[in-house]
Amino acid sequence: MSGKLEKAKGFKKSKPGLYLSIGTTLFGAVSVIKQGKKARVDNDTLQLVDAVVSAAAIATGVALLFRELKRLGDDDVLLG
């Protein structure tokens, strides 16, 4: 069982795993955008604040993933 768990952890730290994480994180941005638009139409300040905070969390998450991707690239001998 621990072999599968270690393999899954390794995938999360791999380039394909990071690309998948970036994609799923950005996919979540679609619902946040919809939430923000609906909040504006409904004039719901609390929902709008929630959408803004969620968008900031998504932006931070994507930035962290890109940083990790860059670190993997720096360690890769073939990438220079």
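Visitor: Hi! Is Asn43 buried or exposed?
Guide: Asn43 is exposed, with a relative accessible area of 67%. Here buried means under 20% relative accessible area, exposed over 50%, and partly exposed in between, using a 1.4 Å probe and protein chains only. Bear in mind that this is a predicted model, where local features need pLDDT of at least 70, side-chain atom pairs count only at pLDDT 80 or more, and totals for chains, interfaces and linings use all residues. Residues are numbered from 1 along each chain as its sequence is written, and side-chain values use heavy atoms, leaving out hydrogens and water.

Visitor: Where does Asn43 lie?
Guide: In the loop between α2 and α3. Asn43 also has a positive phi of about 55°, although it is not a glycine. Most residues other than glycine have a negative phi.

Visitor: Switching topic, how many helices and strands are there?
Guide: Three helices and zero strands, running α-α-α from the N terminus. Helices (H or I, at least four residues) and strands (E, at least two) are DSSP runs, numbered from the N terminus.

Visitor: Which residues make up the largest nonpolar core?
Guide: Ala29, Val32, Ala51, Ile58 and Val62. A nonpolar core is a set of buried Ala, Val, Leu, Ile, Met, Phe, Trp, Tyr and Cys residues joined through side-chain atoms within 4.5 Å.

Visitor: And which element gives the most to this core?
Guide: α3, with three residues. The elements giving two or more are α2 (15-42) and α3 (45-75).

Visitor: What does Val62 touch?
Guide: Leaving aside residues up to four places away in sequence, Val62 touches Thr25 and Leu26, a contact being heavy atoms within 4.5 Å.
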